[in-house]
Amino acid sequence: MVLAPRFYFFLLSSTIVLVPVKNKSSIMKKFNIILWLSLLAFNGLSQCGFVSNEGYFGYFNDGSGALNYENDTECSYLITSPIQGGYLGIGFDSFDTEFNYDFVRVYDGIDESAPLLGEYSGSDIPDQVQTSGQYAFVTFSSDFSNTAEGFSAYWSCSTLSTLNECDGY
């Protein structure tokens, strides 16, 4: 009689991993290896954080959480106002990057070819900037050495040419 091999399924980062298992002691060894590999892969994918959308406002950050951001980081965020013809305001709740080496840049459009609204580095919280349209493109880059806490930012939108009166915020 031939016994079919047993398989254990693991769902990690939207990927199903099929692992043949001969005995229970090998289950944990293989699971630990898979877990570490998936955490390394997931860390690389999630390093930049994400842009939240709460309707007329949202948040984004460097993705490091309570830790310092990583060296050699290259992140970009495209923020779109849900209001056709609206404007965006970009501001920072916290800001700490390696001065003159790690930068956050805010562009008035959909990519780096758009006009630069601001380039920020160091520990001073930048003033809020306003786009001329419904898109803002934000980049974050760090060099090969020294890191800091990073940044936490917010965006809000308006149909007015001044963000003193934002819809929904």
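Asparagine 100 sits in the loop between β5 (87-96) and β6 (103-107); strands here are DSSP runs of E, at least two residues long, numbered from the N terminus. A quick note on the source: this is a predicted model, where local features need pLDDT of at least 70, side-chain atom pairs count only at pLDDT 80 or more, and totals for chains, interfaces and linings use all residues. Residues are numbered from 1 along each chain as its sequence is written, and side-chain values use heavy atoms, leaving out hydrogens and water.

Asparagine 100 is partly exposed, at a relative accessible area of 46% (partly exposed lies between buried, under 20%, and exposed, over 50%, with a 1.4 Å probe and protein chains only). Its backbone has a positive phi, and asparagine 146 shows up with one too. Most residues other than glycine have a negative phi.

How many strands form the open sheet, and in what order? There are 4, running β4-β9-β6-β7 with antiparallel pairing; two strands count as paired if DSSP finds at least two bridges between them. At the edges are β4 (74-80) and β7 (116-120), each pairing on one side only. From one strand to the next, the twist averages 15°, taken between axes that are lines fitted to C-alpha atoms, with angles from 0 to 180 degrees between N-to-C directions.

Looking at β6 and β7, the two run antiparallel and are joined by 4 bridges. Valine 104 has tyrosine 120 in β7 as its bridge partner.
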